[in-house]
Amino acid sequence: MRVLLQRVSRACVAVDGVERGAVGRGLLALVGVTHEDDPAAARRLAAKTARLRVFPDAAGLMNLALGDVDGAVLAVSQFTLYADTRRGNRPSFTGAAAPEQGEAVYEAYVEALRAEGVPVA
């Protein structure tokens, strides 16, 4: 499982011009799932995401986590995190989980974040 995190002051995602989720201060999480992943892996990464100290404190040091700054997570399923571009010019996505498995593990990640007290869009 791969989760690519970016600190944001605000973020939103739209599908066909319709906003599907938005957050203010917090993290944008691009979530990729591979064949070996399961809900336990999702829970471990959600706990790490919730506790990751990547926000500056009063002294400007990165000492604060999402809960400390009343932050939220915009989670986006992103199978392309498992693209293999080593050969040729067409990426292979065979490393990504099948849609059913990917969705289940992605949902486990989102639910685990919420269980940590993190608002998720």
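## Helix α2 and the cores

Glycine 117 follows α2, and its phi is positive, near 90°. The model is predicted.

Start with α2 itself. The helix has 17 residues. From first C-alpha to last, α2 reaches 24 Å, close to the 24 Å expected at 1.5 Å a residue. Its buried residues are Gly102, Val105, Tyr106, Ala108, Tyr109, Val110, Ala112 and Leu113. Among the elements that cover them are β1 (2–8), β4, α1 and β7.

Next, the largest nonpolar core. It holds 24 residues. Within this core, Val73, Tyr109, Leu113 and Val118 touch the most other members. Two or more residues come from each of β4 (26–32), α1 (39–51), β7 (72–77) and α2 (99–115). The largest share, 7 residues, belongs to α2. A second core of 7 residues is separate, and its members include Val8, Ala11, Val23 and Leu28.

Where does aspartate 37 lie? It sits in the loop between β4 and α1. Aspartate 37 is buried, yet it has no salt bridge. Arginine 44 is the nearest side chain of opposite charge, 6.8 Å away. A salt bridge needs a side-chain nitrogen of Lys or Arg within 4 Å of a carboxyl oxygen of Asp or Glu.

Conventions:
Residues are numbered from 1 along each chain as its sequence is written. This is a predicted model: local features need pLDDT of at least 70, side-chain atom pairs count only at pLDDT 80 or more; totals for chains, interfaces and linings use all residues. Side-chain values use heavy atoms; hydrogens and water are left out. A nonpolar core is a set of buried Ala, Val, Leu, Ile, Met, Phe, Trp, Tyr and Cys residues joined through side-chain atoms within 4.5 Å. Buried means under 20% relative accessible area, exposed over 50%, partly exposed in between (1.4 Å probe, protein chains only). Helices (H or I, at least four residues) and strands (E, at least two) are DSSP runs, numbered from the N terminus. Lys and Arg count as positive and Asp and Glu as negative; His and the chain ends are not counted. The expected span of a helix is 1.5 Å times one less than its number of residues. Contact means heavy atoms within 4.5 Å.
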